[in-house]
Amino acid sequence: MTEQPPAQAEPTVGQRFVKELTTGNTALTFLSIVLALLIGAVLIVVSDPAVQEAGGYFFSRPVDLIAAIWESASSAYGAMFSGSVINFDAYTVGDALLPFGKTLTFATPLIGAGLAVALAFRAGLLNIGAQGQIIMGATCAGYVGFTYEMPAFFHVIVAIAAGFLGGAVWGGIAGFIKARTGAHEVIVTIMLNHIARLLLAYLLTIELFSRPGEALPRSPVVFESVQLWRPVAGSTVHIGLLFVLLAAGYSWWLLSRSTMGFRFRAVGHNPNAATTAGISVGRSYTAVMFIGGGMAGLAGAAHLLGTEHYLTDGIAGQLGFDAITVALLGRSSPVGTVAAGLLFGALRAGATTMAAQTQTPIDIVLVVQSLIVLFIAAPPLVRAVFRLKVRSTRAIAPEVGGRV
Amino acid sequence: MTAPTVDTVVVEPETEQARVLARSWGPSVAFGVFGLVALVFFGILPPNGRETRFGLSTASDAFRFDPIGVPSKIAAIALAIVCLGIAVYAAVLTSRPRRVPLWLPITFGIAFVMSFLSWAVAGNTLSLPVVLKGTIALAVPYIFGALCGMLGERTGVINIAIDGQLLAGAFLSGVVASLASNLWIGLIAAPVAGVLVAWLLAVFSIKYVVNQIIVGVVLNVLVYGVTNFLYGRLLGPMKDTWNAPGKFAEYHVPLLSDIPVAGPVLFKQTVVVYLMYLAVVLVHIALFRTRWGLRVRAVGEHPEAADTAGIRVNVVRFRNVLLGGAVAGLGGAYFTLGSSGVFSKEMTAGAGFIALAAMIMGRWTPVGAVFAALLFGFADNLQSMLGIMRFGIPSELMQMAPYLLTIFAVAGLVGRIRPPASNGQPYIKS
């Protein structure tokens, strides 16, 4: 059989682009977001007292109900948009773009923590422990920030490094236990989250971490020399964004250009094959959790030094769990994680405006966020809803099992 | 061709059995270390001559007793010696080699806790009924949650969404009871909420084969989001309509509640707690004494074999996840209808994760999970008892105990813990 099969015409870049846009991951992600926002709108509308009232006399004036539904959903999502991207009511261009700055501020810790989860995914580990790693990162950075006085530039470096190390050690413990004993990392990281939470709660009760003469569980404010620089006046965007973007760049280099990243991915694809090839699976687990934990620690440090400026027991908020959804939406690639972090940062930023303007509780973000991830995880469902041929070209977390 | 002879058959050192036996020195060592800790820190080091009094009844009990006073040091030492005895017995069993039965760690835990109390309460009176009742109150949702997790994991489906199912149950039971002004209708609604969440878990993890842990984590976030949102919209602003369910009164079981100490603790409870007793017994019997349970465990241990034997693996899994959801939802009702009488935001406070830990510590058995949950409930409860115990361990650090213990347990330091073999693996029929 020397005869070559008729060569298939190579699709041009343009054709591939269009195909990807209409049937690939982009389309799937887009449709998932639309679907999640739609369901969120249903929730907003159904629970709106104005709509319920109009629904009470539906048969006499049905138009009222439709108007109320439109008003309810459009005002909420309108406020969300103007609170996260562009505010058209502002007088100057700078003011109009302030909401976008808010989005970037919210996105900063999400990107860092998302990288923590994404890196672990690539080595086949489920890092549920970003929450604890963020707490440890913020705690260590905070301690350096409010205890020692140093020259500004140096202080920031030391505090950020302390934050990185705090998260890295916390993540590394989970990786090490997994490597040495085979204990499931999900259980270990969940437990470490609770331990970190209690540890911070304890630290805030001791003298070292509290303000003199104050009973409230909050730490002193970090020195100004260590507060992250805010380049845009009037906006909360801080230089921490640059740090997490650098971290994302490093993650990309690590995964696609370095030997260590190659090992991570090999272990993630098939630990047995990796062992046969002479890769130490255990060492890779420890290393990836150490580096990943460090990314979450960095996120915690940036959040503390850039936004909060002092420790409370709620310093990490929901960040650690948001991070999981960020990594999943970003399909555990560094670039995707940055994009997903921006999207969820926008949701958060928009939701605060929405809550202020329309009394729609901010928690709608959690609903939309989790629905997006559920939908992108199950392409057949999205296909069935939109009757489209959408397919996933890359699973959301292929290395940790499950089809899709 | 030569027939295989007896001496070519080599016992492979890496068989599952060999590995389990090789690892199982853990419990004896751990018992020994903890026993020594008890002996030295609770018994030998503290000063002599103090008395620990245990109150055995409260003012409302049928039979009232005077508090029993025991010399703190002697009691602590005696109980520590019991602990060490158990450690030795475990070591003997291991050297036979035989399995360490479940009652051994349970007895050890009770002896260790009593030794600890003899020391910590020295010079004071500790009311046992109050302590035990507080412990049970905290353990109830853990037990329900652990049963939920167990029903799923015994078929190979990991359920990280226990917390979400508990919260959903708490929410819906509170809202329905409030709207209907009837606690019983609310109680019926609770499992429905749990089943709804479980249904999502089942659909996504079994039908769409999404990673079970990911689905679980995301579902938790979804339930937090929905309940917080509706709380902000309806339950908070319109409290009287939406969030005034009230709670069940305690029902005193005739005769049984008059038993000294145990009676008031176990049988002066709300209906939700009695349902918990029932659930534990039913799940235990169903899992280990019925054909249904054998099938369930077969699916969890070896789905391919179960399939070959004619069991529809994914149907069994789907049903069990739903059943687990119903149990967890019912447990959620305890938060609203059983203890606080109102719903508040994220009121489960991570109970579902402690339930997961209790299930692991209890080695995927109902009885083991109950005692693990009680131990965790006891550690939580210590915070409220700190007033009478003047010792220098901050409550936050005490509360870490369950989490640390769980890490030790899954790391194999406290005995080899083995989950069902197919845990977390989707079953795709080829």
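This is a predicted model: local features need pLDDT of at least 70, side-chain atom pairs count only at pLDDT 80 or more; totals for chains, interfaces and linings use all residues.

Trainee: How do you know which residues belong to the contact?

Mentor: Contact means heavy atoms within 4.5 Å. By that rule, 44 residues from chain B and 54 residues from chain A take part.

Trainee: What makes B:Lys345 and A:Asp363 a salt bridge?

Mentor: The cut-off is 4 Å from a side-chain nitrogen of Lys or Arg to a carboxyl oxygen of Asp or Glu. Here the N to O distance is 3.5 Å, so the pair meets the rule. The rule finds one salt bridge across the interface of chain B and chain A. Five residue pairs between these chains are in polar contact.

Trainee: Which elements of chain B give two or more residues to the side that touches chain A?

Mentor: They are α8 (212-235), α15 (351-361), α17 (395-399) and α18 (401-410) of chain B. α8(B) gives the most, with 17 residues. By type, this side of chain B divides into 32 nonpolar, six polar and six charged residues.

Trainee: Now the sheet. What is the order of its strands in chain B?

Mentor: It's an open sheet of three strands in the order β2-β1-β3 (chain B), with mixed pairing.

Trainee: Why are β2 and β3 of chain B called edge strands?

Mentor: β2 (68-71) and β3 (125-127) of chain B each pair on one side only. Neighbouring strands of the sheet are turned by 25° against each other on average, direction ignored.

Trainee: How do you know that β1 and β3 of chain B pair?

Mentor: Pairing needs at least two bridges. Three bridges join β1 (residues 51-55) of chain B to β3(B), so the two strands count as paired. They run parallel, and B:Phe54 has B:Leu126 as its bridge partner in β3(B).

Trainee: Which helices pack on the sheet?

Mentor: Helix α3 (residues 72-95) of chain B touches β1 and β2 of chain B, and its direction makes about 80° with that of β2(B). Helix α5 (residues 128-153) of chain B touches β1 and β3 of chain B, at about 50° to the direction of β3(B).

Definitions and conventions:
Residues are numbered from 1 along each chain as its sequence is written. Chains are lettered from A and ligands numbered from 1 in the order in which they are written. Side-chain values use heavy atoms; hydrogens and water are left out. Helices (H or I, at least four residues) and strands (E, at least two) are DSSP runs, numbered from the N terminus. Axes are lines fitted to C-alpha atoms, for helices over the stretch in contact, and angles run from 0 to 180 degrees between N-to-C directions. A polar contact is a pair of N or O atoms within 3.5 Å; within protein, one must be able to donate a hydrogen and the other to accept it, and residues adjacent in sequence count only if both atoms are side-chain atoms. Ala, Val, Leu, Ile, Met, Phe, Trp, Tyr, Cys and Pro count as nonpolar, Asp, Glu, Lys and Arg as charged, and the others, Gly among them, as polar.
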